[in-house]
Amino acid sequence: MSESAPGRDARLDNAKFILIALVVVGHAIQPVRNFEPASALYYWIYFFHMPAFIMISGYLSRSFDASSRRVEKLVVSLAVPYLIFWAIHQTIYGVERGGLPESLSVLRPTWTLWFLVALFMWRLSVPVWQRLRWPVAIAVLISVFASTTDLGGGTLALGRVLSFLPFFVLGLSLRREHFAHLDRVWVRILSVAVLVSTAVLAVPISDRLSRDWLLWKDSLTDRAIDPIMPSMGIRLAFMGLALVMTIAVLALTPKRQMWITSLGAYTLFIYLGHSVALLVLKASPWYERVDGAVGLVLSIALAIGLTLLLCTPWVRAALSWAVEPRLTWLLRDDVPSRETARGAPAAGAGAGFAAGPKS
């Protein structure tokens with residue numbers, strides 16, 4: 001990822017950093033989830049943080065046209081880092097368990113890597129959604145009805161790819177002028193009320209409802225209730241809750257340049273880097289020792305510190321080989337362009353690689 005450019009949207013960069021920090025906090029407090037305040041915080045974060053992040057990713061994917069150059073860039077920025085971190089995750093798991101698992105299929109994403117698979121597939125589908133008359137409504141129908149069937153047991157993260165699809169498509173459908181409505185005073189007042197009320201709501205929900213509803217990855221057929229009703233109703237309710245909270249968070253996110261604005265360009269470093277750090281920590285005695293209020297405070301402090309650490313130039317330089325790989329050694333530079341193949345003069349060699357999409 002590169003530094004925040006003048007043409008970038010400061011509100012979105014600020015929101016991206018806030019949301020990626022919440023991702024790290026949500027993962028870091030898992031050892032203390034049995035502590036009631038930690039459980040409520042976990043549920044509150046998971047109500048909206050990934051739907052919001054995905055909607056922004058959709059908005060920033062509007063220019064994807066499935067051209068060969070765009071697809072090439074997509075492979076380098078998402079597929080290759082996926083394979084690298086999949087291998088790193090599997091290595092950590094292997095050391096922790098003392099041996100290899102029964103299956104080493106790269107089609108089954110490890111822990112956080114489902115998002116790279118999902119974003120890869122969503123971006124490839126962008127031209128299709130941009131051709132449809134009612135893309136969001138169609139995406140909602142696909143999401144809801146797909147959840148009533150077996151989704152492959154985690155293969156290619158299909159459960160999440162289809163479940164979160166409406167938020168990505170909604171992002172694709174947004175335009176810059178839509179964000180202007182967020183600056184209205186009454187919207188911001190309502191946004192405060194929404195975030196406060198959902199924080200209160202998270203307390204009883206965290207005690208009564210399975211967290212599987214928050215992860216959006218399993219089929220509704222796996223639940224102990226009817227997969228049609230009330231399961232579909234609950235799924236739609238969580239979808240609506242995530243949307244309302246996403247709007248509230250964006251409305252309250254500053255749209256001016258701040259110290260976190262430039263850090264919003266490094267979300268992929270944070271997302272991939274923190275997964276390795278927390279997997280190593282999980283294999284240590286840390287998970288057994290942290291507990292209660294002190295454990296919650298320490299976990300949040302750890303998450304914030306780790307988020308900021310992964311943004312530092314020297315850490316990014318150390319991780320760039322895996323997060324932003326340069327594959328000039330692997331790819332040919334003498335492949336003729338489409339125009340050359342038709343008989344037009346060559347425009348010059350070079351694959352035209354650049355940093356991956358800002359998401």
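1. **Ground rules.** Because the model is predicted, local features are reported where pLDDT is at least 70 and side-chain atom pairs where it is 80 or more, while totals for chains, interfaces and linings use all residues. Residue numbers start from 1 along each chain as its sequence is written, and side-chain values rest on heavy atoms, with hydrogens and water left out.

2. **Overall make-up.** The protein chain has 17 helices and zero strands; helices (H or I, at least four residues) and strands (E, at least two) are DSSP runs, numbered from the N terminus. Of its 359 residues, 47% are buried. Here buried means under 20% relative accessible area, exposed means over 50%, and partly exposed lies in between, with a 1.4 Å probe and protein chains only.

3. **Contacts and surface.** Among contacts (heavy atoms within 4.5 Å) with a separation of 6 or more, 83% join residues 24 or more positions apart. The chain exposes about 17,500 Å², and carbon and sulfur atoms supply 64% of that area. Accessible areas come from the Shrake-Rupley method with a 1.4 Å probe, and for residues only the protein chains shown count as cover.

4. **Helix 1.** Do have a look at residues 10–28, which form helix 1. Its end C-alpha atoms are 27 Å apart, in agreement with the 27 Å that its 19 residues should span; the expected span is 1.5 Å times one less than the number of residues. Since 18 of the 19 residues are buried, helix 1 is largely enclosed by the rest of the structure. At its start, a side-chain oxygen of Asp9 comes to within 2.9 Å of the backbone nitrogen of Arg11.

5. The structure holds seven salt bridges, each being a side-chain nitrogen of Lys or Arg within 4 Å of a carboxyl oxygen of Asp or Glu. One of them pairs Asp13 with Arg8 at 2.7 Å, N to O, and Asp13 is buried at a relative accessible area of 3%. Another links Arg176 to Asp9 at 3.7 Å, N to O. Arg176 lies in helix 9 (residues 176–179) and Asp9 in the segment before helix 1, so this pair ties together parts 167 residues apart in sequence. Arg176 itself is exposed, with a relative accessible area of 52%.

6. Asp183 and Arg188 form a salt bridge at 3.2 Å, N to O. Salt bridges with shared partners join Arg11, Asp183, Arg188 and Lys255 into one network. Both Asp183, at 25% relative accessible area, and Arg188, at 33%, are partly exposed.

7. **Helix 13 and Leu278.** Helix 13 has 16 residues and reaches 22 Å from its first C-alpha to its last, close to the expected 22 Å. Its buried residues include Phe269, Tyr271, His274 and Leu278. Their cover includes helix 1, helix 2 (36–59), helix 3 (68–97) and helix 15 (292–309). Leu278 has a relative accessibility of 4%, and touches Val24, His27, Ala28, Trp111, Leu302 and Leu306, leaving aside residues up to four places away in sequence. Leu278 and Ala28 are 250 residues apart in sequence, yet their C-alpha atoms are 7.1 Å apart.

8. **Ser143.** In helix 6 (residues 135–146), Ser143 is buried at 0% relative accessibility. Beyond residues up to four places away in sequence, Ser143 touches Leu162, Ser163, Pro166, Arg235 and Met239.

9. **Two alanines to check.** Ala66, in the loop between helix 2 and helix 3, has a phi near 65 degrees, a positive value in a residue other than glycine. Ala66 is partly exposed at 37%. Ala157, in the loop between helix 6 and helix 7, has a positive phi near 50 degrees, and is buried at 8%.

Technical notes:
Polar contact = N/O pair within 3.5 Å; in protein donor to acceptor, adjacent residues only side chain to side chain.
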